[in-house]
Structures are given as structure tokens and as C-alpha cells.
Amino acid sequence: MSSRRESGVPPSAASPVDLRVTDVTKAFGEVPVLRGVSLMVGAGGTLALLGPSGCGKTTLLRIVAGLEDPDGGTVAAGDRVLVGPGDRIPPERRRVGMVFQDWALFPHLTVADNVAYGLRRLGKEKIGTRVRDALEMVGLSALADRAPGTLSGGQQQRIALARAIAPQPSVLLLDEPFSNLDAALRVRVRTEVHQLLADLGITTVVVTHDQEEAFVLAENVAVIRDGQIVQQGPPTTIYARPADRWVAEFVGDANLVPGESSGGAAMTVLGRIPVADRVSGTVDVLVRPESVAISPGGAAGDAAGAARVELVEFYGHDTVTLVRMENGQLLRVRSSGPPVAERGAPVVVAYQGPAAVAYRIDA
Ligand SMILES: Nc1ncnc2c1ncn2[C@@H]1O[C@H](COP(=O)(O)OP(=O)(O)OP(=O)(O)O)[C@@H](O)[C@H]1O
């Protein structure tokens, strides 16, 4: 896909604004769906709203877009309150563009007419320019006269994006943008969209249930569970220091290794593991699979780290080895390159990461 940098297409005319969602609540009937959600996206930044199915992500996007009204709380973009006590800007005047999960393209309209859909209040000439710019931006100028049904999934996805950016919104919302694409296409289209977002510099919220997608696309991630934000921060922080066990397991492979912690270290079946924040007492230590070194051969006597290989998964770029420790605990170990030991072989494993996060058992 040609990008703005390559094509010379001008950036969105609207200057970036920040987006602030403050204490938003929403219930459908008696069922609370959003329970005091607050988040901030810096001007021109990208935030991924990451959570499991049914936790309220789409509802929040629809509230920002104005397709749904909150029961309480405020949504503001720059100096404009989009919705809040006593304020409500109608959807068409919010300058918020949305790409729906199913793309919602009109099958009976051409690609160009789909992209022009949100521009009806502009003059004919301006509409033509905006449509051309938007299609050029997503690299699909040649397809302007086609019907959406004759395009590939990846192309339809880009048309939906072009339609959302053509009105030059201040805020762009993407709801599960790649869920309609098969696995092979998804990674390529994701990179294209990532490049486009970087070029556009529009304040963007991407909704996803896919941790990898959230981490790749956004410089900030808000993790949502049961209608509440449980953690917000850069992907590296969320991965390394998850707020609780649930987040730890939701954002990647997690071994939770029991131990006794005091004085900044926990004694575990893997030996001594340095622990962050001097958490003490009976704990679960978060050990990411790549923080475990594995070597073939048996451990001397009853030394810590003795294990046996239960399963080997070779991924090409790396290998995940499932090992069973002598106390029965199963551990996932990720090492670069090919497998180091076969199923059933004795191995020795050792912790090799930075100070680990520990969760108190009674917490
Ligand atoms: N208009 C509505 N009327 C009644 N219930 C609704 C309505 N819209 C959403 N819900 C319910 O609210 C909850 C949250 O839905 P929402 O679509 O926001 O979740 P989500 O996190 O986006 O999930 P998914 O990824 O599966 O789309 C769900 O239980 C859903 O059934």
C-alpha cells in the first residue's frame, strides 16, 4: 500500500486533539456494561482497548461516536465536550470516524460512493478531491468504480478505512479491524494499517481482544474487564508488570510459580528469583516463558531446576518446551532456535529474567 509519505497525499486537515473519557457508565436494562470507565488518548496517539468478548469495548466506542448515549460520565475531544451532563454533540458533528467490525460497506454503491458517503454536505468538487485523497492514502485509487463485493477482504478493509478518514476526523475509532480477515492476511493488513495510522497522526482508539494486535498497533493499551479498566499503560509495562494474575495471563504466556518471598527474592522450584517491589510472604511469581533458560541433561542430586520434557512445540523462529518440574509443576519455556531436548528427556531450567512481579497468595 502506498503511504502518504510516498504518495504526497496531504495529511488530515484536522489538527490532532486528545480524547478524554471520564467515569463513563452504561447499563442495558438492569445489566451494567460500563462501570466507570476513564481513559486518555494523547493528541495524535493510538490507544488499544483490549479485553475479552462481551466486556463492553464496542459499547464504549459507540458512545464516543455518538451512536449510543452513556448513563453518566463525560467524553471530550480537545476543548469540545462530545457528551456529558447537559451536553450532547450529534454524531455527524463530532468529527469522529469509525470503522465497524464488519466494515459496513454499502454493496450497491461503488467504492468511490462508499468513501463519499460521509461527505454529503460538501460541494461536488470538494467531495471528488477528498475521495481521491482518501483512496490514494490507502493505495486503492484504481478501484474507485468497483463494487465492494468484487474486492478482497484486505481491500474492503482499506475502503472502510478510507471512508472513515475522508471527512478528516479528529478522532478515529477502529472496532476489531482485522477480525474479518483470515490469519494469513491479518498480519500483512495489520502492518499496512499500522503504517497508515503512523502517517495520519490522527488520535485513534483500536478495539481488540487480541493481545498481539494491541501491542503491535498502539503505544498505549487499556485493558478492560467486565466494564472496568484494570490497567492502562505502554505495552512493555503491561507485559512486564501486569496489575494482577488475570492481566498477566490475558496479555501473554504466563507461568505462575508458587514461592516464599522475603528480602527482595522468592524461593521457588526454579531456585531463587529476584522479586520487584519487595513483595513478601507466600506468593505466585510471574515467570514469562522467555525468562527461563533450558539446557539438556539431568541436575545433580535434588538441585533446583530439575525437570523433564513433556511436549515440544517448534515454531521456526523459536521453540516452546513444556517441562514438568520434580514437584509436578508444569512450566512453559521459550527458547530461540530449534528444540534443545526431546520429549521425555531430562533438562535443567533456571530463571534468567529481571526482577519478577509477585502476587501475594492472600491478595
Ligand atoms: N443494544 C444493546 N442492548 C442490550 N445489550 C447490549 C446492547 N449492546 C451490547 N449489549 C450487551 O453488552 C455487553 C457488552 O457488549 P459489547 O459489544 O460492548 O462488548 P465487546 O467487548 O465489544 O464484545 P465483542 O468483542 O464480543 O463485540 C454484552 O453482554 C452485550 O450483549
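The model is a predicted one, in which local features need pLDDT of at least 70 and side-chain atom pairs count only at pLDDT 80 or more, whereas totals for chains, interfaces and linings use all residues. Residues are numbered from 1 along each chain as its sequence is written.

Of the 363 residues of the chain, 39% count as buried, a residue being buried if 20 or more other C-beta atoms lie within 10 Å of its own, exposed if 12 or fewer, and partly exposed in between, with C-beta atoms placed from the backbone. The C-alpha trace spans about 80 × 45 × 35 Å along its principal axes, and the secondary structure comprises nine helices and 21 strands, where helices (H or I, at least four residues) and strands (E, at least two) are DSSP runs numbered from the N terminus. The chain is divided into domain 1 (19-95 + 168-240) and domain 2 (253-360), with bounds that come from an automatic or database domain assignment, and the C-alpha centres of domain 1 and domain 2 lie 36 Å apart. An unreviewed UniProt entry places the feature "domain: ABC transporter" at residues 19-251; UniProt positions are given in the numbering used here, feature names are shortened, and annotations may be inferred rather than shown by experiment. Over residues 19-251 the chain is 34% helix and 28% strand, and the end C-alpha atoms of this stretch are 24 Å apart.

The shell around the ligand consists of F28, V33, G51, S53, G54, C55, G56, K57, T58, T59 and H209, a residue being counted as near a molecule or strand if its C-beta atom, placed from the backbone, lies within 6 Å of it. By residue class the shell divides into three nonpolar, seven polar and one charged, where Ala, Val, Leu, Ile, Met, Phe, Trp, Tyr, Cys and Pro count as nonpolar, Asp, Glu, Lys and Arg as charged, and the others, Gly among them, as polar. Helix 2 (residues 57-65) gives the most to this shell, with three residues. Helix 2 is also mostly covered, as seven of its nine residues are buried, namely K57, T58, L60, L61, I63, V64 and A65. Just after helix 2, G66 takes a positive phi of about 90 degrees.

Helix 4 (residues 124-137) has 14 residues, which at 1.5 Å a residue should span 20 Å, and its end C-alpha atoms are 20 Å apart, in agreement with that value; the expected span is 1.5 Å times one less than the number of residues. The buried residues of helix 4 are R130, V131, D133, A134, L135 and M137. Helix 4 is followed by G139, whose phi is positive, near 75 degrees.

Most residues other than glycine have a negative phi. Against this background, R95 has a positive phi near 60 degrees and E176 has a positive phi near 45 degrees. R95 is placed in the loop between strand 6 (87-88) and strand 7 (96-99), and it counts as partly exposed because 17 C-beta neighbours lie inside 10 Å. E176 lies in the loop between strand 8 (171-175) and helix 6 (183-200), and it counts as buried because 20 C-beta neighbours lie inside 10 Å.

Another loop residue, V17, is found between helix 1 (4-7) and strand 1 (19-28); with 20 C-beta neighbours inside 10 Å, V17 therefore counts as buried. Leaving aside neighbours within four places in sequence, V17 is in contact with A43, A77, G78, S170 and T203, and its C-alpha atom is separated by 9.6 Å from that of A76, 59 residues away along the chain.

In domain 2 (253-360), V320 is placed in strand 18 (residues 318-325) and counts as partly exposed, with 17 C-beta neighbours inside 10 Å. Residues up to four places away in sequence not being counted, V320 touches P289, E313, Y315, R332, V333 and R334. The C-alpha atoms of V320 and G337, 17 residues apart along the chain, are separated by 9.9 Å. T237, in helix 8 (residues 235-240), also counts as partly exposed, with 14 C-beta neighbours inside 10 Å, and its C-alpha atom is separated by 40 Å from that of N114, 123 residues away along the chain.

Technical notes:
Contact = placed C-beta atoms within 7 Å.
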